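Here is a short report for a reader who is new to this structure. Look through the sequence and the model first, then read on.

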Amino acid sequence: MENLISVFVSEANELLEDLEKALLQLEKDKQNKVGISEVFRIMHSLKGAANMFGFEAINQLTHDLETIYQAIRDNGVNLNQEIFNVTLKCLDHLKDLLNNRVIQDGSLQKTHDELLADIHRLSNHIKSAQVETVTTGLTNGGSYASYYILFKPNPKVLLNGTNTLYLVDELLSLGQGVSLPHFSESIAWSQLEADHSYTDFEVILYTDKSEQDILEVFMFVEAESVIEIAKLSDSNLLGEQKKVEHLKSAHQFKKVGKEHILSTLSAAESKTVAVTTDLQRTKSAANVRVSSERLDELMNLVSELVTTQASLSMLAERGTSPELTAVAETVEKITRRLRDNAFTMSLVPVENLVVRFQRLVRDLSKDLGKEIEFKAEGTETEIDKSIIEKLVDPLMHLIRNGLDHGIESPNERLKKGKPSKGTILFKSYYSGANVIIEVKDDGAGINVEKVRAKAISKGLISPDVELSEKEITNLIFLPGFSTSDKITGVSGRGVGMDVVRRNIADIRGDVEVFSKIGEGSTFVITLPLTLSIIDGLLVKVGNADYIIPLSLIRKCYEVSTNELASAYNHWITLDGDRTPYFYLRNRFKVKTEAPQHSQAIQIFSHWGNICLIVDRIVGDYQAVLKPLGRPYREQEEFSGATILGDGTVALVIDPIKLIGKLSREDGDKLGVSKN
Amino acid sequence: MVKTNKTENTGALKSFLSFRMMDELFAIDVLKVIEILELSKITKVPRSPEFLLGIVNLRGNVLPVIDARIKFGMPRKEATIDSCIIVMNIEIDNELVTLGALVDSVSEVLEIQSEMIQKSPSMGSRYNSAFIEGLVKINEDFVMILNIGKAFSQEEAGLLSLVTESQEETQVQSI
């Protein structure tokens, strides 16, 4: 049972996420029928499941909410902002309730009672409104209904210059409708007149207009034609395209009749419901829920397979049997495909993140008295699940900062000639082996002078250093930096940006900021696609193997080892550019004999192109990244290790961290600490 | 295997794995030990503290290995045929960590009644008493039962309370 409950809780959380998404969509377009049905559907499933697992409080709340949305869906009750706000509050409350099957906490009970009272008030309000619509009956004050209209024009109608087709068109323009033309029963085939009309029309119309309004369409032909108008149902009988098509094709040019239409469409309704549930069933079969532990286990096995396959390939190369080589190659291909497949399984679209932010922006902008729109682009971009989880906090922080410090109040914005409504743009896209996420606001931007002054006053930089604007703006990532003069509840506690940077660095990502005063700031986060496999270059320093991630390598050069020894201040000239380098043999205290020629691996970094000098390049290598273990936690210059084909362990270098550390040890000649 | 305690079973028996370093016998709770490995190729991690020997391939996973001698403040010694790595699970800050420790040789599994274990005298001991859970006398030998959580977690100082010069260096690096 406990197990089942945990399944329920995880499913319910997903449902709530969907609900939140649907609600936020609905807020933009409150008349959206599909959206309303979706909200209703989710609440309904939630209610059913909650009831089954004894979440009494959830059951209660969703039941009452559901009633409201049913009224909205079926009876055209207006979804107003009040209902909306209460629903969102309920949503938050539901999340709390999921963690408390039985309400024990006093404050939780209080919120619960308050919300229930709110809902009852709203639903009573709706009920009384409904009674009104019923009593006002015929005039039908704006509520939708399906009508049956039979229009039998007088055969001579065309002679007056009236086109019956135009009338039908006008009728259909009143709402959503279908016309079913048929030959009039009075037709006498032996004596047809060319200028007479023998077509009668049956129209099914779903509209908010009253019968009176409908009749007005026939104002000029009313006297000589037979017109029959009847209300079929309060709901939309034309909701399902399929059954309408069915009705049309089954009764071509024959009169259908009101009763038949009603029965066909209503009967078809239940039939289509059955079909849709079938569809839903197949849909759920196409998606299998897998616990993340199993997925992790699969990834581990695949990683081991990749490693074993590397040994197999090596054995095959050494051996003389061509059959073995062929098998090894096939295994390699399959392994590669299996690996790619397994990795895509753990990828999730960033859309999952975006919903939370939408809500955050909506709520916070109201609290702050600002008008802010949240836009998201490229939400289909997929990243490893474990990366997404670790991104929530830093992104939340960046967005909050943008809301609080970035975007100005509406008045201030208008003064600056900007639209009063600010925008926060969330954008994600692929770039090579990386995923880039940008958080951009069109706010005030970062004041470079202010940042500089602050950094000096906090002793983070000395007053006489020359820094570029970009370097200065990136100072905000230093620990203990917070530029907002006043501390608000939203941000500005001084633990901000350095934590953001550290969290992102934990998932092998990097963050930078670009800002223009008056125009806004953009935070650019670069992330690896996956955490567990990297494409690397296998190199040797002494007898040891190292992997350097290919994505960071710009170019490789062969240099003579003597030249390095005589180079002044660790700068060498490559392609005509003076490039700083770090000689890894010395840095790693390797005692073996140095080769005559060494390899300079040029690395992209925010400090420019910097070389790491290694003894030899072995080749490219797919490295399955393994953590080094807790004792090596402080050694960030190695992001992990990988097992090579022959079973030896190679360390995976994090070039940026290594360069940063080495440079600092040398008295920071590259100025890395400034950044 | 020597059965050392054949007297009346009055107290609960606990099993300990004993190992030798510098002619001293140490023992750790056998339940914390996962396996014992022969010394295989250790990949050194450059720029790491001296007591960290490096990493080895443990069936496709990476195992960090500590040189128990250096960690305990003893002089380094070339590995012999008897040298082996004890793989164990220890808890550091509520996190279960798998570690290997290189020791001179592994002796045996001892079954010891809990009341046989004496509290270690904190005064006059050569060793830092925080790491030693107790002492037990077996065949005229004293066996030191280690609190491995403390002895092998890297934040703590060395086992030897007498700080030698070389050990001081180790400590500086280990911080």
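Two strands count as paired if DSSP finds at least two bridges between them. Strands themselves are DSSP runs of at least two residues, numbered from the N terminus. The model described here is predicted.

## A parallel pair in chain B

Start with β5(B) and β7(B). These strands run parallel, and three bridges join them. One residue shows the pairing: B:Ile66 has B:Ala101, in β7(B), as its bridge partner.

## The sheet around that pair

Both strands belong to an open sheet of five strands in chain B. The order is β3-β6-β7-β5-β4, and the pairing is mixed. Which strands stand at the edges? They are β3 (33–38) and β4 of chain B. Each has a single partner strand, so one side of each is left without a neighbour in the sheet. On average, neighbouring strands here are turned by 35° against each other, direction ignored.

## A second sheet

Chain B has another open sheet of five strands, with the order β8-β1-β2-β10-β9. Its pairing is mixed. At its edges are β8 and β9 (132–138) of chain B, and each of these pairs on one side only.

Strand β1 of chain B covers residues 13–21, and strand β8 of chain B covers residues 105–113. They pair in the antiparallel sense over seven bridges. B:Leu17 stands opposite B:Val109 in β8(B). B:Leu13 faces B:Gln113, again in β8(B).

## The hairpin

β1(B) also pairs with strand β2 of chain B, residues 24–29. Six bridges join the two, and they run antiparallel. In this pairing B:Phe19 stands opposite B:Phe26 in β2(B). How many residues lie between β1(B) and β2(B) in their hairpin? There are two residues between them. B:Met22 sits in the turn and has a positive phi of about 50°.

Now turn to the interface. The size of an interface is often given as the accessible area lost when the parts come together. Chain B and chain A bury about 2100 Å² between them. Of that area, 57% is on carbon and sulfur atoms. Three residues, B:Pro46, B:Arg47 and B:Val62, supply 33% of the area that chain B buries against chain A. That is more than any other three residues. The contact takes in 26 residues from chain B and 25 residues from chain A.

## Charges and polar contacts

Two salt bridges are found across the interface of chain B and chain A. A:Glu665 and B:Arg47 meet through their side chains in a salt bridge, at 2.7 Å from N to O. Seven residue pairs are in polar contact across the interface.

Which elements give two or more residues to the side of chain B that touches chain A? They are β4 (52–58), β5 (61–67) and β7 (95–103) of chain B. The largest share, six residues, comes from β4(B). Recall that β4 of chain B is also an edge strand of its sheet. By type, the residues on the side of chain B that touches chain A divide into 12 nonpolar, seven polar and seven charged.

Conventions
Residues are numbered from 1 along each chain as its sequence is written. Chains are lettered from A and ligands numbered from 1 in the order in which they are written. This is a predicted model: local features need pLDDT of at least 70, side-chain atom pairs count only at pLDDT 80 or more; totals for chains, interfaces and linings use all residues. Side-chain values use heavy atoms; hydrogens and water are left out. Contact means heavy atoms within 4.5 Å. Buried area is the accessible area (1.4 Å probe) that two parts lose on being put together, summed over both. A salt bridge is a side-chain nitrogen of Lys or Arg within 4 Å of a carboxyl oxygen of Asp or Glu. A polar contact is a pair of N or O atoms within 3.5 Å; within protein, one must be able to donate a hydrogen and the other to accept it, and residues adjacent in sequence count only if both atoms are side-chain atoms. Helices (H or I, at least four residues) and strands (E, at least two) are DSSP runs, numbered from the N terminus. Ala, Val, Leu, Ile, Met, Phe, Trp, Tyr, Cys and Pro count as nonpolar, Asp, Glu, Lys and Arg as charged, and the others, Gly among them, as polar. Axes are lines fitted to C-alpha atoms, for helices over the stretch in contact, and angles run from 0 to 180 degrees between N-to-C directions.
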